[in-house]
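Here is a briefing on one protein model.

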Amino acid sequence: MVGAVHDYVGVVGELNGLETVNGYESRAMTTTKQQQQPRREEEERQQWYEEEIDDDLKLCYALNSVLHRGASKYQEIALIDTKHFGKALIIDGKMQSAEVDEFIYHESLIHPPLLFHPNPKTVFIMGGGEGSAAREALRHRTVERVVMCDIDQEVVDFCRTYLSANRGAFASDRLCLLINDARAELEKSREKFDVIVGDLADPVEYGPCYQLYTKSFYQQVVKPKLSGGGGGIFVTQAGPAGVLTHREVFSSIYNTLRQVFKYVKAYTAHVPSFADTWGWVMASDHPFNLTAQQIDERIRERVVEGELAYLSGDSLIASTTLNKSVHQSLLEETHVYTEDDARFVHGHGRARGGGA
């Protein structure tokens, strides 16, 4: 597991003892040894979750407790209660969502395709085991059926137990929950869907789902299962999209979808618990041509159970305007994501070294 839970993060302790850091006086220089001691004792008692972002970069989250920790057949799993972001789901060492700001990620993933679709009735969610994507899809009046297919029963079970915000979604008679490989389910399905959603874990080497970001999958499995006449839309989470991170997978996923669909729209939002800008990509053979005013009208007409906390017509349109650096990279990207030529975010999955 790339991320790890520690009783004490040594690097933090070492920095607290330094007299200078990069030429600046540290806090230790302005406090007495007696003042430092209680702080150090508190830090030593504190549990931390440490996520490795890169070989030379880690993020640390102070914990209240570890609710669940283990390994399924497919993934390393942890559900932690952080002091700053509330309960957080960790898969293969990567933060998947956190209680206090998951609404940013899930509203951005689910509502844009459902709002751009003229009349979405059926939704297929690949992954989404925590239930948040299904919860947001079920808020739309027009949606009659949501199929959520996650490969990992253990993830679904403990999220259903611990994430109270999604219990209503799991209990809905409009939700069909499947535990299987999403590709296999889509391939054998006779049903076509108005919206197909990729709420998958990040593509990591030896992980269970990087094949679901490939051109062949989009072309041979996803596109044929979209309801063409009604303007079927595919959307996927597409990984980090910051100035320094967007070339990991975001630009490649965008370019790959451009090889398969006529219209492709990339958009981003900052997610605090991810400590980065995040990216999503929508794709369809029908244009995305709503104005901000039209989007707001559809939100008022379609979305129930309160107002959206993050998205509005203006913010959705604005999210598609990327900064110059990222925009230029997407235009110049030539990599097409395939099984034999995949890109990965930093980290690894359970199959590393020949494991299951």
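E14 and E15 form a hairpin with 4 residues between them. In the turn, Ala275 has a positive phi of about 55°. The two strands pair in the antiparallel sense over 9 bridges. Strands here are DSSP E runs of at least two residues, helices are H or I runs of at least four, and both are numbered from the N terminus. Two strands pair if DSSP finds at least two bridges between them.

The model is predicted: local features need pLDDT of at least 70, side-chain atom pairs count only at pLDDT 80 or more, and totals for chains, interfaces and linings use all residues. Residues are numbered from 1 along each chain as its sequence is written, and side-chain values use heavy atoms, with hydrogens and water left out.

**The open sheet**

- An open sheet of 7 strands runs in the order E11-E10-E9-E12-E13-E15-E14, with mixed pairing.
- Strand E11 (175-179) and strand E14 (263-271) stand at the edges; each has a single partner strand, so one side of each lacks a neighbour in the sheet.
- From one strand to the next, the twist averages 20°. Axes are lines fitted to C-alpha atoms, for helices over the stretch in contact, and angles run from 0 to 180 degrees between N-to-C directions.
- Strand E9 (residues 122-127) and strand E10 (residues 145-150) run parallel and are joined by 5 bridges.
- Met126 has Cys149 in E10 as its bridge partner.

**Other hairpins**

- Strand E4 (residues 48-54) runs antiparallel to strand E5 (residues 57-71), with 6 bridges joining them.
- The hairpin from E4 to E5 passes through 2 residues.
- Trp48 has Ala62 in E5 as its bridge partner.
- E5 also pairs with strand E6 (residues 76-82), in the antiparallel sense and over 7 bridges.
- A hairpin through 4 residues joins E5 to E6.
- Ser65 stands opposite Asp81 in E6.

**Aromatic pairs**

- The whole structure holds 12 aromatic pairs. Rings of Phe, Tyr and Trp (its six-membered ring) pair if their centres lie within 6.5 Å; planes under 30 degrees apart count as stacked, over 60 as edge-to-face and the rest as tilted.
- Tyr105 and Phe274 make an edge-to-face pair, 6.2 Å centre to centre with 70° between the planes.
- Tyr105 lies in helix H3 (residues 102-116) and Phe274 in the loop between E14 and strand E15 (276-284), so this pair ties together parts 169 residues apart in sequence.
- Tyr105 counts as buried at 5% relative accessibility, and Phe274 counts as buried at 10%. Buried means under 20% relative accessible area, exposed over 50%, and partly exposed in between (1.4 Å probe, protein chains only).
- The rings of Tyr267 and Trp280 have centres 5.7 Å apart and planes at 20°, so they are stacked.
- Tyr267 lies in strand E14 and Trp280 in strand E15, so the pair ties together parts 13 residues apart in sequence.
- Tyr267 is also the bridge partner of Trp280 in E15.
- Both count as buried: Tyr267 at 1% relative accessibility, Trp280 at 0%.
- Ring pairs link Tyr105, Tyr267, Phe274, Trp278 and Trp280 into a cluster.

**Charges over rings**

- Arg160 has its charged end over the ring of Phe170, 5.2 Å from the centre. A charge sits over a ring if NZ of Lys or CZ of Arg is within 6 Å of the ring centre and within 35 degrees of the ring normal.
- Lys223 has its charged end over the ring of Phe261, 5.4 Å from the centre.

**Helix H10**

- Ala292, Ile295, Arg298, Ile299 and Arg302 are buried in helix H10 (residues 292-302).
- These residues cover an arc of only 120° around the axis, which puts them on the same side of H10. The arc is that of the directions from the helix axis to the C-beta atoms.
- Gln293, Arg300 and Glu301 are exposed on the other side of H10.
- The buried residues of H10 pack against H3 and helix H11 (313-319). Contact means heavy atoms within 4.5 Å.

**Leu89**

- Leu89 is found in strand E7 (residues 86-91) and counts as buried at 4% relative accessibility.
- Leu89 and Val155 are 66 residues apart in sequence and 9.1 Å apart in space, C-alpha to C-alpha.
- Not counting residues up to four places away in sequence, Leu89 touches residues including Ala78, Met95, Glu130 and Phe158.
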